[in-house]
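Subject: Structure for you to look at

Hello,

Here is the structure I promised. Please open it, then read the notes below.

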Amino acid sequence: MTDAQQIRLIKKYPNRRLYDTASSTYITIGDVKNLVLSHEPFRIVDAKTGEDLTRSVLLQIILEEEACGQPLFSSEMLAQIIRFYGQASQNLMGRYLENSIAAFVEMQNKFQEQLRSLYGDNAPLGTDWMAQFLSLQAPALQSMMNAYLEQSRQLLTQMQQQAENQTRGLFGAMFPTFRPQSDAAEHDSSSATKPHEP
């Protein structure tokens, strides 16, 4: 079976109804959310144009989740994300967030695997039990998250430094007399500290 056959195709009609071609039935946004939770791959397209609408529907689900219950994103976090749009570092930040979430999911999966190895199929993985456990383990988890965030910060700094070095190399090759403003400032300050020869 090919990847295209494995991906569930959902068509969105002008009346905003979603048609699941796998089950030949109309479904709701809640049904799409369940597909996400069950890790079932799918793609949502415009029934007329074939345009991929998967991202817009997923964003709609996030919006509905944020509107009820406890939101995942703070106003400040959303504002920071908005500020990255149109910036040179937009793609870099997108990859950084994606990799960070993937790393967090991997850490969570390993934790659940450890519970299963201890308790077998009867491992208490329910939401209520997990919330109680996490509240008891808050200091240890906070320490682990702080370490992870520090590693992420260092990685981001390295990526920025690498991009800066590549830019300097590119401009240096194209314009031999080009010197970044920061380098020029350092050169001027070092020259100012040197005594003048008689």
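First, a definition: two strands pair if DSSP finds at least two bridges between them. Helices (H or I, at least four residues) and strands (E, at least two) are DSSP runs, numbered from the N terminus.

The model is predicted: local features need pLDDT of at least 70, and side-chain atom pairs count only at pLDDT 80 or more, while totals for chains, interfaces and linings use all residues. Residues are numbered from 1 along each chain as its sequence is written, and side-chain values use heavy atoms, without hydrogens and water.

The protein has eight helices and four strands. From the N terminus, the order is α-β-β-β-α-β-α-α-α-α-α-α.

Now the sheet. Strand 2 (residues 18-20) and strand 3 run antiparallel, joined by three bridges. Tyr19 has Tyr26 in strand 3 as its bridge partner. The four strands form an open sheet in the order 3-2-1-4, with mixed pairing. Strand 3 (25-27) and strand 4 (42-46) are at the edges with a single partner strand each, so one side of each has no neighbour in the sheet. From one strand to the next, the twist averages 35 degrees. Angles run from 0 to 180 degrees between N-to-C directions, with axes fitted to C-alpha atoms, for helices over the stretch in contact.

Two helices to find next. Helix 2 (residues 29-37) lies across strand 1 (8-12), strand 2, strand 3 and strand 4, at about 145 degrees to strand 4. Helix 3 (residues 54-67) packs on the sheet and touches strand 1 and strand 4. Contact means heavy atoms within 4.5 Å. Helix 3 makes about 105 degrees with strand 4.

Best wishes
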